[in-house]
Structures are given as C-alpha cells and as structure tokens.
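Colleague: Hello! I would like to learn how the words used for a protein model are backed up by values. Could you show me the model and let me ask about the terms?

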Amino acid sequence: MNNTQRLIYGLAITLIIFAIASIAGKFIPLGSDFFPDSVITHSVMLTFSLAVIISLKKVVPFRIAWPRFRTILKPAFFGLLTAIVINILLTALTLATGGKAEAHPLLEASTPLQTFLFVFIFASLAEEMLLRGFLQNILSPLSVRGIRVFRQKLSLPVIISAVVFGLIHLILLTTGASGLFVTRIVIFTTVLGLFAGYYQEKHNNFSHAFVVHMAGNLMGLVAAFM
C-alpha cells in the first residue's frame, strides 16, 4: 500500500466508522436511565476501530503498553492546559461577542458518575482508538513530512488525525448547539488532538494519546462533580 492509498483508505474508513457509529447512536436508543445513548455511538466506534486495526495489522502499526509514570506527566499536563487555556479564551470571546456560555450536550444530560464512566473514560478511549489508534497509525509512513512548531516536529499523520478529530465534532450542530460553541469545541479538540498524536508518536504508545484525551476531559469531569 503506497502513501496515497494509505491516505485515501485511512480517511475513508475513519469517516465511514464515524458515520455508522453516529447513526447507530441516533437510531438505536438504549432506553436506560443510567446508560446514555452515546454509549451505543462509542461502543460501535470502538468495536469497528479495533476490528480494522486487527484486520489491517500489517499496515497499521498499533502499539499499546502500560506507560511509565514519568512519561505521562507532560502529556497529562498539556492535555489539561489545552482544556483550561482554550476554553477560557474562547468562552471569554463568546461572551464578549454577545453569545452565551454553553455546556457540552452530553455533559448537561449526565450525572457526575456518568460523566466519569462514559465521557472521561469510555468516550476518550473510543475516539482515540479511531483517530490515533487507527487513522494516525495507518498514516505513519507519512511521518517524514511535517512542520516544526517551537522546535518540535508535528508530523503529517499527527496533523491530519488532529484536524479530522476536530472536524468530526461539527456533528454537534445537529444537537442545536450554537455555531460559536461548536467552533470552540472544534478548535479545542483539534489542539488536543495535536498533543495526543504528538505524544503517541514520540513514545510509540497509544496509552499516551489516551492520557492526553482524558486530561483534556478533566475540566468537564470536575465541573460535573461541582
């Protein structure tokens, strides 16, 4: 498989899995007071992502291992910093332009326990498995290309997976969320994806991407408990 094929297949499979997961979450309601309908979305996303990673293992160099504590400090810090800085800045901008502060629809409908289980852990795992576990890894041969930011290289697979991660959150427009709020989420998730992808690539370990994503969701978890 050449690099052009990797790019086409990687993007196509990612978008197909996301579309199937989104449709399943919308049309297969659980009817449970405890399990939100998003569980269906993320379960389908996680299952299909694992399936393609395993079936394409010759071209998807996926690696996961328990990380050393000292190697997750920076990923966790930058994930949390991203959430704090970008959300504060964009919320302030939203209020300054006459908009109103909004919470993520999933967080608004969840209890603290549900937020912990289904957003902080499960959603982070499912989304990272698709975007970093599958998409970034299938594009790994393209990592020789990229850009430098503050003397750090952001490879093409890292950038592509981060941009796709941000753009798929445009689906929040279908929930009635405002354009300003969705723009904030897209920017936040894109930057978060850059850190997740960077640290996965640096350590060659999916666990680091997962840590970054959970750290990025930590503010939502704290808000839920407060």
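Colleague: In which loop does Phe-150 lie?

Modeller: Phe-150 lies in the loop between β1 (146-149) and β2 (152-155). Helices (H or I, at least four residues) and strands (E, at least two) are DSSP runs, numbered from the N terminus. A word on the source: this is a predicted model, where local features need pLDDT of at least 70 and side-chain atom pairs count only at pLDDT 80 or more, while totals for chains, interfaces and linings use all residues. Residues are numbered from 1 along each chain as its sequence is written, and side-chain values use heavy atoms, with hydrogens and water left out.

Colleague: Thanks! Why is Phe-150 called exposed?

Modeller: The relative accessibility of Phe-150 is 77%. Buried means under 20% relative accessible area, exposed means over 50%, and partly exposed is in between (1.4 Å probe, protein chains only). At 77%, Phe-150 therefore counts as exposed. Its phi is worth a look too: the value is positive, about 50°, although Phe-150 is not a glycine.

Colleague: What makes Asn-204 partly exposed?

Modeller: Its relative accessible area is 46%, so Asn-204 is partly exposed. You will find Asn-204 in the loop between α7 (179-203) and α8 (206-216). Its phi is near 50°, again a positive value in a residue other than glycine.

Colleague: And why is Asn-137 called buried?

Modeller: Asn-137 has a relative accessible area of 10%, so it is buried. This residue is found in helix α5. Leaving aside neighbours within four places in sequence, Asn-137 is in contact (heavy atoms within 4.5 Å) with residues including Val-59, Pro-61, Phe-62 and Gln-200.

Colleague: Which parts of the chain do the buried residues of α1 pack against?

Modeller: They pack against α2 (38-55), α5 (112-138) and α6 (156-167). Among the buried residues of α1 are Arg-6, Gly-10, Ile-17 and Phe-18. At the start of α1, a side-chain oxygen of Asn-2 also reaches to within 3.2 Å of the backbone nitrogen of Thr-4.

Colleague: Now the rings. How many aromatic pairs does the structure hold?

Modeller: The structure holds nine aromatic pairs. Rings of Phe, Tyr and Trp (its six-membered ring) pair if their centres lie within 6.5 Å; planes under 30 degrees apart count as stacked, over 60 as edge-to-face and the rest as tilted. One of the pairs is Phe-34 with Phe-35, with 5.1 Å centre to centre and 85° between the planes, and that pair is edge-to-face. Phe-34 counts as partly exposed at 32% relative accessibility, and Phe-35 counts as partly exposed at 39%.

Colleague: Why is the pair of Phe-78 and Phe-195 called stacked?

Modeller: Their ring centres are 5.1 Å apart and their planes are at 10°, so the pair is stacked. Phe-78 lies in helix α3 (residues 69-96) and Phe-195 in helix α7, so this pair ties together parts that are 117 residues apart in sequence. Phe-78 is partly exposed, with a relative accessible area of 25%, and Phe-195 is partly exposed at 24%. Both rings belong to one aromatic cluster, formed by Phe-77, Phe-78, Phe-195, Tyr-198 and Tyr-199.

Colleague: Last one: how do you know that the radius of gyration agrees with a compact globule?

Modeller: The radius of gyration is taken over C-alpha atoms, and the globule rule is 2.2 Å times the number of residues to the power 0.38. With 226 residues, a compact globule would have a radius near 17 Å; the chain has 17 Å, so the two agree. Along its principal axes the C-alpha trace spans about 45 × 40 × 35 Å. Buried residues make up 45% of the 226 residues. The chain has nine helices and two strands, in the pattern α-α-α-α-α-β-β-α-α-α-α along the sequence.

Terms used. Polar contact = N/O pair within 3.5 Å; in protein donor to acceptor, adjacent residues only side chain to side chain.
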